Amino acid sequence: MTLKNTARQTWIENVRTLFAHSLRVDISSKERLITPIFFALIILMLFSFAIPEPDVAMRSRMMVAESQLAIFFALQIAFSRTFESERIDRTFDHLRLSPISSSAFITSKILHVLFIGGGTMLCTGILSVILQGQNMGQMADPVVLGAAFLTLLGLTGLGVLLASITLNAEGHQILFPLLYFPLSVPVLLCSTEGLVHWLDTYKWDSTMRGWSVMLIAFDIIYLTLTILLGTEAVD
Amino acid sequence: MLSVQKISFGFKNQKLFQDVSFNLEAGQLIRISGANGSGKSTMLGLIAGLITGGGGSILFAGDDDFRQWTSWIAPDANGLVPTLSATENLNFWLELRGVKLKVGSLQTTLGRWGLSGDWIQSSLPVAKFSTGMKRRLALAKLELEGSKLWLLDEPLFGLDDGACKQFRDSLDRHLSAGGASLVVTHDDRLLERIRHQTISLGGTGL
């Protein structure tokens, strides 16, 4: 047996290893991947039943509502599972004793949630084109995609932050939604108002700029807090 | 390698141990003994940095991150993801430590620990393993990590006689190669032929 001072991974390698591991855990239990897609499907079906023949203007608004709902609930599932694998078999303690950076750990969690949220968004979009005849061009509009990404980013930052803060809190399953729901409202509000305004007018005017700036500001605040406080919580 | 000076710990008014001091050098093994609830695992947790609080100082040699050359075995857990296979679990932990293995050495080590065959190593999820098999996997991981310092809390949990003997040999080789270990165990089989010192926690410290 030879003892060696093992080479330490870089920060980027830490993130890559942890992110790849999270994906591997997801793939190993198929239910984790299928659930968000079913969520998207159910939301689309419910909208189809509730509003069977919407006019063109209503269709745009439906698309906003559907995508927001799908992202919101898919992320809820993702957050509740953010630290699930670490809770099993004292994996989190083993991670704390591994030579990894806590900011790399939090970053890998953000990437993981973004991946799940992004996948759900994509599925919702494709399914709504297939099932409801939504306009593919409208779906692929850079402004719509940009707004959806910024919404995802803001909600991801907030969710990972709260999941890490409540990681070891007693009753975290109650505490998390109590904190998450009110704090997610500003992001959802900016995103929905901005998207509806854009789809109604297709004009990049002061109203559109205002909502976009607010959305970006919330993203920056939540992501910065996640990196700072989430790292502290993990430590 | 490790210097522990006057560490104390307690819960509210209940002192678990007080002013415990010792040094651990290369090639040395120290057993922490004591009755149930005397604070053995807590002391190991304090040294590992998993528990904070209490008094005293714990110093690791060198300026680098001690976690780079320290491995830990928990008493009741192995840090394994149940839905992944043995090799997937091992690859993850070893990659995090930057350990690069020669081709086939992972399979050979697992085979030595009684986890032979492609099906057991790469297909069967760890959730299907018995308690002893999971422990064997954790001990294979410990060996492959190649750390200088082993913090072992009841490492023989769930192991049969053959695996106990194998781990004793592994620990012996580790110490001969200049490694060190702090061990909490109630099982005398592990240390019966290994030179060691004992720290006894009796509720009032040493």
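**Labels and their grounds**

Mentor: Start with helix H8 of chain A, residues 142–165, in this predicted model. H8(A) has 24 residues and spans 34 Å from first C-alpha to last, close to the 34 Å expected at 1.5 Å a residue.

Trainee: What makes H8(A) mostly covered?

Mentor: The residue count. Of its 24 residues, 18 are buried.

Trainee: What is found at the start of H8(A)?

Mentor: A side-chain oxygen of A:Asp141 comes to within 3.0 Å of the backbone nitrogen of A:Val143.

Trainee: Why is the pair A:Asp93 and A:Arg96 called a salt bridge?

Mentor: Their side chains meet at 3.3 Å, N to O. The cut-off is 4 Å between a Lys or Arg side-chain nitrogen and an Asp or Glu carboxyl oxygen, so the pair qualifies. Both residues lie in helix H5 of chain A, three residues apart, about one turn of the helix.

Trainee: Is A:Asp93 buried or exposed?

Mentor: Buried, because its relative accessibility is 15% and the limit is under 20%. A:Arg96 stands at 24%, so it counts as partly exposed.

Trainee: What links this pair to chain B?

Mentor: A network of salt bridges joins A:Arg90, A:Asp93, A:Arg96 and B:Asp76. The side chains of A:Arg90 and B:Asp76 meet at 3.4 Å, N to O. The rule finds one salt bridge across the interface of chain A and chain B. There are also 13 residue pairs in polar contact between the two chains, counting pairs with both residues at pLDDT 80 or more.

Trainee: Which element gives the largest share of the side of chain A that touches chain B?

Mentor: H1(A), with eight residues.

Trainee: How much area do chain A and chain B bury between them?

Mentor: About 3400 Å², 61% of it on carbon and sulfur atoms. The contact takes 29 residues from chain A and 43 residues from chain B.

Trainee: Now chain B. How do you know that B:Asp169 and B:Lys165 are about one turn of the helix apart?

Mentor: Both lie in helix H6 of chain B, four residues apart. An α-helix has 3.6 residues a turn, so residues three or four places apart point the same way. The two side chains form a salt bridge at 3.2 Å, N to O.

Trainee: What makes B:Glu192 and B:Arg168 a link between distant parts of the chain?

Mentor: Their salt bridge has its closest N and O atoms 3.1 Å apart. B:Glu192 sits in the loop between strands S7 and S8 of chain B, B:Arg168 in helix H6 of chain B, and they are 24 residues apart. B:Arg168 is at 8%, under the 20% limit, so it is buried.

Terms used:
Residues numbered from 1 in each chain as written. Chains lettered and ligands numbered in written order. Predicted model: local features only at pLDDT ≥ 70, side-chain atom pairs only at ≥ 80, totals over all residues. Heavy atoms only, no water. Contact = heavy atoms within 4.5 Å. Buried area = accessible area lost by both parts, 1.4 Å probe. Polar contact = N/O pair within 3.5 Å; in protein donor to acceptor, adjacent residues only side chain to side chain. Helix = DSSP H or I, 4+ residues; strand = E, 2+ residues; numbered from the N terminus. Expected span 1.5 Å × (residues − 1). Buried < 20%, exposed > 50% of the residue type's maximum accessible area, 1.4 Å probe, protein only.
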